[in-house]
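Reader: I'd like to go through this model with you and hear what stands behind each label. Can you put it up?

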Amino acid sequence: MGRRAAAHRPDSGCPAPWRPGKELEQWGYRAPFDLVEVADAHIVILASYVTTDSGTGLVHQAPAFGADDLASSRAYGLPMVNPVRPDGRFFPELPLVGGLFFKEADRPLVEDLAARGLLFRNVPYEHGTRTAGAATPR
């Protein structure tokens, strides 16, 4: 329906031309963080729930935390990696966010992206569905 996603060429510093999302399918990209090893998982995948209506049309997937993300990731054979313990805190050995409750990690992650010039925009977002397995901080 004419929905488009944007790609950014990290080597040029310039935005790439607008392309239909379908053209970006399976394109590789450089992950914004290397906190967790996820081999061969940094590719663009398509999902009907990702649109440009309220954003760029590009989102990350967290298959350990939502049914839609899990289904989309499985459709592309992507691994499920979960760096969060059952109590909702990141495993302590992770750089930058180790030991933090997952929502407390938003701030240092956003600050890190901004410091490295990788932050496009920071807009708080409420997910429409409850996160599977979400824990309450203690």
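Reader: Which elements of the chain have the lowest and the highest mean pLDDT?

Author: Strand S1 (residues 4-5) is lowest at 38, and helix H3 (residues 106-115) is highest at 95. pLDDT is the predictor's confidence in each residue, from 0 to 100; helices (H or I, at least four residues) and strands (E, at least two) are DSSP runs, numbered from the N terminus. This is a predicted model, so local features need pLDDT of at least 70, side-chain atom pairs count only at pLDDT 80 or more, and totals for chains, interfaces and linings use all residues. Residues are numbered from 1 along each chain as its sequence is written, and side-chain values use heavy atoms, with hydrogens and water left out.

Reader: What is the mean pLDDT of the chain?

Author: The mean is 80, with 75% of the residues at 70 or more.

Reader: What makes Glu104 and Arg89 a salt bridge?

Author: Their closest N and O atoms are 3.7 Å apart. The pair links distant parts of the chain, 15 residues apart, with both partners in the loop between helix H2 (67-75) and H3.

Reader: Why is Glu104 called partly exposed?

Author: Buried means under 20% relative accessible area, exposed over 50%, and partly exposed in between (1.4 Å probe, protein chains only). Glu104 has 41%, so partly exposed it is.

Key. Salt bridge = Lys/Arg side-chain N within 4 Å of Asp/Glu carboxyl O.
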